[in-house]
Amino acid sequence: MPEILETELPGIGRRFTLPIETGGELAVVVHKSGDKDLYFREPGAGDPVAVSLSDSEARRLAAVLTGGFWQPSPIDMFRAALAKKAGLETVTVVGGSPVVGRRILDLDIRRRTGCSIVAILREDGSSLPNPAPDTPVEANDILVVIADAEGVAKLEDFVHAGL
Amino acid sequence: MAFDFFSLAVVTLAAFLGAVVASKLGQSVILGYLVVGIALGEANWRFFMPQAGVDLVGSPTVKALADLGIAFLLFFVGLEFSVRKLKNAGKPSTILAFVDYGVLLFSGFLVGAAFGWGPVESLFLGGILAMSSLGIAAKSLIELKRLDSAHPETEVLLGSMVVENFLSMILLTISVGWVAGRGTTLAVLQSVQGAAVIYGSFLALAVFGMPKLARLIERIKNEEVFILLALTLVFASAGLAVLFGTPFILGTFFIGMAFAETRLTERLQLKLSTFRDAFVAVFFVYFGMNIAVDLIPGVAPLLAAAVVAVLIDEVLILSAFAVLLGFGRRAATAIGTAACGRSEDAIIYSSLGSNLTRPEGGVQVPALAHARELFPLAGGLALITSALTPLLMRHSEGIALGLARFTPRALRFGGRVVGAIFSESIGPRARSHPVAHGDPVLLALVGAYLALLLPLAFSIGPGHTVLAPFVVLLSLLIWREVRIDVEDAVPKVDFARLRFLVHDVAGIARYTAFVVLVLLLFVDFVAIEFSASWHLTAVAGLVTVAALWLASIRMMSAITRPPARMLASDLLSRAELERRRRTRHRRDPRSFAPKNL
């Protein structure tokens, strides 16, 4: 994570600068009055976009940013975090999929798609970490796999259409 | 003396009205106070005095509370100001602050001389002109949205105003001492001595005593006890300063500075800000009341000259120095235009100057010959520059383009070469990859030079004769040191950014050091002639510098050539030049290949 840089602006207040990973830079100027200015500059662009917020507006915005109002479900965040950190992906087995009822061993998923199944999350809330090869796949299972993007695409096709 | 509640009520009512109107119009309240003050002063002569027999301007109560206002104001300036901030100001800010302050002080002197003012009066005029207003600059920067890191000059110019604040305190001490002794070396020395005691004791308090004292005071839970202690600190420091023959605001400024960045800062601000707001309003209205309307036509030419001097010094000279330090022309003019504002500092300065008295035939008379004229001058300056500065700042880019068009090419080139070198050693690019680290010898020399400069300027007689050669010798030593340092730095500087070939590395070092030497000698010259017959010599000095500049331009053209002339002399095709510019990698054996940073 890039550091937030703090700069003193005598007579005005302080500035906090956050470089954005996808490019550009976000800066928050905190005035002595408590008012805040938000600056955003796109990479390569000349003049930044700036918004002035009163103290209370800034606080409400901060609450939104920290997830105080609404936050996506934990499982979605877990997936997003997994995908980013370890190359872990999840594939959901819909009901009526041709793979339902068959064993992992029989499906030969590793050879066909390049995906390794490291866990299965069942509909009833139970989870099977490191499932044995003879574990059957059930409807609405969430398969947690280690794979690259190509492998995941193959697995999704396979699970949905049995290709 | 009975407390004059009636006058005070009129003044606070006027301040209230002024503040309401000013905030409705989106102007700073200070301007509102000034304007109602002027109106009230006029009303005083026309109505209150003849009709009601009340003298608002002469009321000791109003005057006392106005003084209290400046005492609190400077205490708060001190609270916002710490040794750490001064240290963090960085080299570009510090250099720009010294240049800005010095140039304006000198201009104030020239303007004063042109209008036949004596040296002491001119010095106060210089003090009024010198201090850029942090408030005006900050307000406009916020409105123009120039606070992000895409505008690195913003930090630099705000930092330089912090340094200027400190310089103005020092100058105030000296000028008050000078007035007290009418220019005798002994009186100046006594005042310097007094100031040294004040500065020293407050610094010692800030560094050694403060943590312990702050912890003790922090334990006070009772708010009444706390307020009484805080007030005692403010008043005692002011009294102490007066005891040592220095202005009282010096004491409150330094006690504020001692408490800056302790855990008490916020509590002090919270508890005392009501006092400040109330009495500062009284002070500004009182100041406005002292602006005699009938004096305004007489002061107008001087005021116009002062405004022109400020604009030339800030927009042209300060911007030019910013270019020499390596700022691009946009950033440089942004610095210059932001420094145009004059406000509370100019007002405080003129108020203190015109309040100085000396005994004459048993009564106290104003010590300055033009004491009454300082009021309309500072007030007018504040009103005009407050209106002009935001305008200039908004159009700083256009001004930059215009200036670039009118600057001779050789000068522009020289500026860019010097800027490229200083940019990477002390300027804006130094923070990421400094090509030269701080040279202790150079720092010591510059420190000694600056320390001797003011005594030289203000002393007369044998002391002056002894100091002068010393200062010139120091400038020569600085020149030698800069030349050595620049010779080390030049090979590491990436001149490719400038888009022209550099033929002569040693020449660049010579040139850069020469520019520094010219500037130093000019400063020496002014300092030496300052207290002597400086009318004519000042003009002679300017001519000398202009001549030296021309000489340096010749030198410049020998080092590098602008692309158009290079085409003819080096027989490079335009396409070849373009290719070189694009690749930014020179293999020409004669040209200078930058080492990779």
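1. Burial terms come before the rest: buried means under 20% relative accessible area, exposed means over 50%, and partly exposed lies in between, with a 1.4 Å probe and protein chains only. Met49(B) counts as partly exposed because its relative accessibility is 32%.

2. On provenance: this is a predicted model, where local features need pLDDT of at least 70, side-chain atom pairs count only at pLDDT 80 or more, and totals for chains, interfaces and linings use all residues. Residues are numbered from 1 along each chain as its sequence is written, chains are lettered from A and ligands numbered from 1 in the order in which they are written, and side-chain values use heavy atoms, with hydrogens and water left out.

3. Chain B overall. Its secondary structure comes to 24 helices and two strands. Helices (H or I, at least four residues) and strands (E, at least two) are DSSP runs, numbered from the N terminus. Chain B has 597 residues, and 52% of them are buried. Take the contacts in chain B with a separation of 6 or more: 80% come from residues 24 or more positions apart. Contact means heavy atoms within 4.5 Å.

4. Back to Met49(B). This residue sits in helix α2 (residues 29-52) of chain B. Not counting residues up to four places away in sequence, Met49(B) touches Asn44(B), Val54(B) and Asp55(B). Val299(B) is 250 residues from Met49(B) in sequence, and their C-alpha atoms are 25 Å apart in space.

5. The main core. A nonpolar core is a set of buried Ala, Val, Leu, Ile, Met, Phe, Trp, Tyr and Cys residues joined through side-chain atoms within 4.5 Å. The largest one has 109 residues. Those with the most contacts inside it are Leu40(B), Ile249(B), Leu268(B), Leu272(B) and Met289(B). Helix α12(B) gives the most to this core, with twelve residues. Apart from it lies another core, of 55 residues, among them Phe327(B), Ile421(B), Leu445(B) and Ala468(B). In soluble globular proteins, nonpolar side chains tend to be buried together.

6. Leaving aside neighbours within four places in sequence, Ile249(B) contacts Ile70(B), Leu74(B), Met169(B), Leu172(B), Ile348(B) and Leu352(B).

7. How do α10(B) and α12(B) pack, and at what angle? Helix α10 (residues 223-243) and helix α12 (residues 265-289) of chain B meet at about 75°, with axes 11 Å apart. So α10(B) is roughly perpendicular to α12(B). Axes are lines fitted to C-alpha atoms, for helices over the stretch in contact, and angles run from 0 to 180 degrees between N-to-C directions. Roughly perpendicular covers 65 to 115 degrees; under 35 is roughly parallel, over 145 roughly antiparallel, and the rest oblique.

8. The residues at that contact. From α10(B) come Glu223(B), Phe226(B), Ile227(B), Ala230(B), Leu231(B) and Val234(B). They meet Arg267(B), Leu268(B), Lys271(B), Leu272(B) and Phe275(B) in α12(B). By class, the contact has eight nonpolar, no polar and three charged residues. Here Ala, Val, Leu, Ile, Met, Phe, Trp, Tyr, Cys and Pro count as nonpolar, Asp, Glu, Lys and Arg as charged, and the others, Gly among them, as polar.

9. Leu381(B) lies in helix α16 (residues 371-394) of chain B. Leu381(B) is buried, since its relative accessible area is 0%. Leaving aside neighbours within four places in sequence, its contacts are Ile128(B), Leu129(B), Leu303(B), Ala306(B), Val307(B), Arg342(B) and Ser386(B). Ala346(B) is 35 residues from Leu381(B) along the chain, with 8.2 Å between their C-alpha atoms.

10. Two backbone items in chain A. Asp108(A) has a positive phi near 55°. Asp108(A) falls in the loop between α3 (104-107) and α4 (109-113), and is partly exposed at 27%. Asn130(A), also not a glycine, has a positive phi of about 45°. Asn130(A) falls in the loop between β8 (127-129) and β9 (142-146), and is exposed at 64%. Most residues other than glycine have a negative phi.

11. Cysteines. Searching the whole structure gives zero disulfides over all chains; the criterion is a pair of cysteine sulfur atoms within 2.5 Å. Cys115(A) is buried at 1% relative accessible area. Cys340(B) is buried at 1% relative accessibility.
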